[in-house]
Structures are given as C-alpha cells and as structure tokens.
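This briefing reviews selected features of the structure shown below.

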Number of protein chains: 2
Amino acid sequence: MPVNYTTPAADQLFAVAGVRLGVAEAGIRKQDRRDLALVALDAGCTVAGVFTRNRFCAAPVQLCRDHLAGGKEIRALVINTGIANAGTGEPGRQAAQDTCAAVGELLGVAPDQVLPFSTGVILENLPVDSIRAGLPAALADLKADNWHAAAHAIMTTDTVAKAASRTVAVDGKKVTISGISKGAGMIKPNMATMLGFLATDAGIPQPMLERLVKEAADESFNCITVDGDTSTNDSFIMIASGRSGAVFARESDAGWAEVRAAIIAVAVELAQAIVRDGEGATKFITVAVAGGKDNEECRQVGYAIGHSPLVKTAFFASDPNLGRILAAIGYAGIADLDVDRVSVWLDDVLVAENGGRAEAYQEDDGARVMKQSEITVRVDLGRGNAAAKVYTCDFSYDYVKINADYRS
Amino acid sequence: MPVNYTTPAADQLFAVAGVRLGVAEAGIRKQDRRDLALVALDAGCTVAGVFTRNRFCAAPVQLCRDHLAGGKEIRALVINTGIANAGTGEPGRQAAQDTCAAVGELLGVAPDQVLPFSTGVILENLPVDSIRAGLPAALADLKADNWHAAAHAIMTTDTVAKAASRTVAVDGKKVTISGISKGAGMIKPNMATMLGFLATDAGIPQPMLERLVKEAADESFNCITVDGDTSTNDSFIMIASGRSGAVFARESDAGWAEVRAAIIAVAVELAQAIVRDGEGATKFITVAVAGGKDNEECRQVGYAIGHSPLVKTAFFASDPNLGRILAAIGYAGIADLDVDRVSVWLDDVLVAENGGRAEAYQEDDGARVMKQSEITVRVDLGRGNAAAKVYTCDFSYDYVKINADYRS
C-alpha cells in the first residue's frame, strides 16, 4: 500500500497533442500482463533526457544517449518491463538495436529515431522476439488518451501505477503536461530515476528543453531514495510537442515561468510517487536540510539520513530514536561540521540543538510526530544559506520480504 | 545466532601481564546485567587508539583523544554499556570527566590518566552516579584472567560476547595477545569499530604502537560493515605492557613481524566477530576486490556491494541475483570504470565478465554458493594491482525487527 498515493483516474490524465501511447501483453517475462509500451511522437517534437550515472548502465541507456546525441528527430519511445537488458554486454546492445529497428520499421522511421527503455531483472537477456511479436498490438492501441494504460505497462515491483497531469493557461492558450513514472526499489537516482516520461504540448526548443530536463530532475528524481541503490537503467525523458500553440523561444518569454513551474511540479509528483510506493514503505519522509555552505553538502546530509537503515527502521517503528539521526548527520562527510551549531526538528518539534538534545524536548512530542504517515525531518547546519531536500520512506519487514522474493 | 562464531571459553582467553580487568552490575540502563568494565594498567604500558570520524562523536571519544594527546601515562580504561553519552553536549562532556575523576580517585591516578568509553543509546544522559556506585565492585573484581567477563560487560545488541587470544614465541619468550570487541549494528567504522580493546605483553614504544593501531584498524575494524552507519562512539585501543620481556624498539627488530602479524590476526578476528554477529545476520560475506588503481577505489567498490540492501537481501534469500552486484559496482563512484574489463566470481564460480554474464555461468552454480553460510564475492576491476577486502553480512527480517524494537 503506497503512502497517501493513488493512481489518478484515466480521465484525469490529459492527452498531450502530438503524443500517442499504446500498450501490449508481450509475454516478456510473465504472461498475461501489460509489459510493452510504445510512444509515437508526431513530427516536430523536441526530446531531451537524463540518464543513470551507473557505469554498468543498461544497453538501452547507451542507445538512448547515442540517439539523442545523433541529433535526428526522435519519433518513438519503446519501453519494456520484465527484463532490464543490463549487464548483458554486446548481445544486450544488439538486442536494444534490434528493438529500435523493429519499431522503426513499423512506424516508417529510422532506428536511431527510436529511444528504447527496459526495466526489470538485470543480467538476463532481452527476448527481442517477444517484443517484436507484441509491437503490432501496441501500434494498434496507439492513442493520445492512453497515459493510464502506459503507466501500468511499465511497472515492475510497483504496487500502483504512477502518473500525473496538469494544465496551465498561458496567454489564452491551455498548456497540458502529463507524465508517468515507475520504480519502487533500487532507487537512488543519479541524474534521473528508474523510468520517468513527461510530455507537454508547449513548444520548447532543444537547448532550452535540455536545460529544463536537468533542472527538473534535480528538483524531483534526483532528490529521492528508497534504498540507496542507483539503478543501471534510470532514465527521465521530456517531450515537447508545441501543439498547444504556446511556443517558447527563450527562458525570459512571458508565461515560461508558469509552464516551467507546472512541468517541475509534475516531475516532483511523479518522483514522490515512487517513494510513496517504495518497497515496503509505510511512511513518506521529507528530509529538509538548510543552513549549509552549498547545496551539495545539504544533499549529502539529506542522503545520509535518508539512507540510514537505522533511521529508516526507527521510522517504521514510530520510535523517536533521534540519536540515529544525529549520528547520520555526523557521518555524512562534512569534515569541519560544528555539531554545536546543528539543530534538528521533527516537523515543528525542536529535538536537538547545541550538540545535544533540546532542553524543552519531550519524548512524547517526538513520538506523536513519528506516528504520522508523513514526516518532515528538518536540519539546520548553521553554517550557510544553502538548502536541499531529499524524499525517502521507512524500512520495514516488507522491504526484506519483497527483495528476498523478487525473482521467485 | 552469529554466523560460525562462538565466544572462546574463559580459559582460552589468556591473561596479559600488566593488565587487569573487573566488571560490575551498575544498573546504568537495565538492572541485573554486567554493564560496567574497569581495566587497570600497571605502570609502564604504552597505549594508542583510533576513533570514529563521526562529527557527532561522543563525549568519551573527545576525552580519550584529549587524554592520549596529553601524553600522561594511561593507567585505566572505564567502559559502560547502556548509554552512549553521545549527542549530549556540554553535560555529556562533564559526565565523562566525572567518570574519569571517580576512577582516578579509586586507583590513585589523575583523571587524565583514565580513558572513558560508552556504548548504547544516543541522546540520553549518562547516569554518573550509577557508574560511581558500581566502580568499587569492578575494582574488587580486577584480575588478569578476566577477559571473558569483560567481553560480556561491554555488549549491547550483541548476541554473543566477542573475544580472541593468541600467543606467539619470539626469541624464547612467549608473547600473549588478548582482545575483546562489541558491536552488531551501526557498524561502518571509520578509523575504528564500535569498541575494540586489544592488549599484549610485548613492549612497543609509543610511536610504533600508534602506527600499528592504525595499520591493524585498516586491516580489521575499518573493513567491516553491517548497515553502513558509522557510530558516534567507535574506538579501538591497543595496549602494550612489555611484561613478556619481548620488547621492541623499531619495526626492523627480529621477531617484530611475527608479533605484528599475530596482533593484526587478533584484530581481524575481533572485527569479523562483529560482522558474524551482525544484527539479523545469517551469512558472513567477504567482498574481495582486486585489480584496482588504488586501495581506496577497491574499498569503495567493496563497500558499495557490502552496503547495498538489495545485494544483502539477495544473500539472505540465497538468490544469485547477480545483477544487483553489478549495479553496485557500477554506482560505486569510479567515474572512468570500464565495465567490459570487470570480472566477478562467487567463490570460484565466474559469474560475470566482458560487461555481462559469463558465458559458462550456470545459475545452479551460483545458487549452490549462495546457500553457504560463508561466501566470498571476488571482483577484478581490471585496471591495476591494488586490492582491498570488506567483510559484511546479509540483511534479514531480523535486522528490521531488532532495530525497530531496540529501545522498547
């Protein structure tokens, strides 16, 4: 059960003109489940992405990078679940290429106009024949109001499909933004998440879209962690079709700030949905670190807290065992941190200051906050003006159960 | 149940001349348990230590550093379990000082000739009165053949007491080395472990002992991880009484290599015992990384594998889900790692090479190794001659249970 998250109804996920989605049951690893999604883009879209920094990055990630760098117009995305096509060496690269070729052939575009994505088990070979056999059904299913089905077709250990949509009015034109994401474990993205796709019918030139996808990732998918494991397949893709008529040329254009904010809000919603559905999660935790010298050290502290199995099990137990939070701050790697200037709050309850327990702190107040399903840990490092947020979840029996059983 | 570890019998833990130990039930946090240990050193011992790098280091750690730096002869160690005296600010420092003063008064030495150690819950105040009241019983209990009792008196969530002893003959003289350690969670030492104490009756001059304690820590306590959490109280202390008559002046002395090797072997045994008794551990895993450009990057890869909750749950499940190991290698932070040169073995079974699954690898072979209680993951990075080892354990339901329940 995800923490305070339900998949929006199909009619709450708005069509983005210029973008059509289709799904199929291709039997890639299991039978009778939607495991293949095809996204067809009209001519004239711009597309940009950010990808995992894992050196064992998957074959499809390598191909995505190549195809985006190639500069040809991207006309399709193909996404499979079940097999990650990672740790598969040269045969894996060939399988990803064959997948792009099959999609290209069906749609009448070149293979390098197709971006491939895979998620699932690592170190097993991608069954390209199954994908090839499933593609015609996905093609036949292509439609603009199909985000709901697509969100389901990319799930692995996710317990719910993840999607978000919103509209923003700009100069009399309605701009729509819709997105889907997947992921529940192996979540500590570095430059992107497991899989996230976001499309808008605003028009955004390529260099501006490339800046935006990085900025949006830094405020969303790059702020989350479930277990600290950076996946081999993390990808976050942004598509801009321009079909709303609201077309931007530069960041100073009127209305851009609103569109940018709406796009980032959708990205944050998609990223948080992954944490809310984190494997075994029973609580959603925001770690907000302020008072740092720079953004990076705030993130370091946020991730030290967000990764600590001791902190995460204490949240699961609703135990205000706050020493574990202090310990995590202390080992986060800020060599000259003066702990006497550090303050820590659970929501609005001041729990620690001056290097120790706050004088007025009562354990009952801490216990009350710890029982909530949404908790903010606020840290002030007392050494500067930078800030950063990390979103995480607690660590429960079910995390172990899910990960001990995943392949069986 | 620890993995292939039982506490040596009391008569297998040899007395070290010049070092006497006593324990008491001081009721520091719980009644009816030995929770206070006193170690009295004869005049003429050298003492050196390494300590946590956690910025929220505990008050006793700060005092230990000060007293060792002060240069006075150390004549006693006082160790309590139950309360860590960490995250306790100025009152915590005062409590540690008061403890040293009480010990000094009883033994007729100055407070800064006493080293204090605490372990247990963070962020709670040390009950100095209980310690003061317990000290006379510990003093009355002082004896040289008391390592077994001392090992018990420093336990927290440990399920077994941890101790090791060996002797080595040098030039007709018998050198004895005995040590104890504690720790089961919050284990990713940085310069030392939770608590480790090692004494020998070899004579070792101060500067040489200081080099040795660092070297020994780097091969033992600095190679282990249970949950990646670096404690606020990590301390590893080495004592040399010289009472065996085997007295060394420099590292080139005859017999030193043998004594040094025996001391490091005891340190490794004590450190491994902590992992074997890691919270919820059912398996002991050695991650041996070779072929690195330097020792540090090998350790980085070792720790990435050793910390990954996904890898550790797969070990718990005996599931050769090797993609998780590859993913951890990939995100360990070696920016220019060429994954096509990386090879991975489970014991002697080659599982991955050339960036993917080894051609001859059969899942049955992997599954067979994964069922063992002791497993070595060998990684060759294929880029140099450096190597490093990390010792870790698997991640089970019981880890969550223990840490969700610890304070209750």
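Helix 9 (residues 323-330) of chain B is mostly covered, as eight of its eight residues are buried. A residue counts as buried if 20 or more other C-beta atoms, placed from the backbone, lie within 10 Å of its own. The model is predicted: local features need pLDDT of at least 70, side-chain atom pairs count only at pLDDT 80 or more, and totals for chains, interfaces and linings use all residues. Residues are numbered from 1 along each chain as its sequence is written, and chains are lettered from A and ligands numbered from 1 in the order in which they are written. Helices (H or I, at least four residues) and strands (E, at least two) are DSSP runs, numbered from the N terminus.

**Helix 9 of chain B**

- The buried residues of this helix are G323(B), R324(B), I325(B), L326(B), A327(B), A328(B), I329(B) and G330(B).
- Their cover includes strand 5 (114-121) of chain A. From chain B, it includes helix 7 (295-307), helix 8 (309-316), strand 12 (343-346), strand 13 (349-353) and strand 15 (374-380).

**The five-stranded sheet of chain B**

- Five strands of chain B form an open sheet in the order 3-10-8-7-6, with mixed pairing; two strands pair if DSSP finds at least two bridges between them.
- Strand 3 (46-51) and strand 6 (162-170) of chain B stand at the edges, each with a single partner strand, so one side of each has no neighbour in the sheet.
- From one strand to the next, the twist averages 10°.
- Strand 3 of chain B runs antiparallel to strand 10 (residues 235-240) of chain B, and six bridges join them.
- V50(B) has F236(B), in strand 10 of chain B, as its bridge partner.

**Helices on the sheet**

- Helix 1 (residues 59-70) of chain B lies across strand 3 and strand 10 of chain B, at about 140° to strand 3 of chain B.
- Helix 5 (residues 206-219) of chain B also packs on the sheet, touching strand 3 and strand 10 of chain B, and its direction makes about 35° with that of strand 3 of chain B.
- Axes are lines fitted to C-alpha atoms, for helices over the stretch in contact, and angles run from 0 to 180 degrees between N-to-C directions.

**Domains of chain A**

- Chain A is assigned domain 1 (10-276) and domain 2 (284-405), with bounds from an automatic or database domain assignment.
- The C-alpha centres of these domains of chain A lie 32 Å apart.
- In chain A, 10 residues of domain 1 are in contact with 11 residues of domain 2, contact meaning C-beta atoms, placed from the backbone, within 7 Å.
- On the side of domain 1 of chain A that touches domain 2 of chain A, helix 6 of chain A gives the largest share, three residues.

Conventions
A residue is buried if 20 or more other C-beta atoms lie within 10 Å of its own, exposed if 12 or fewer, and partly exposed in between; C-beta atoms are placed from the backbone. Two residues are in contact if their C-beta atoms, placed from the backbone, lie within 7 Å.
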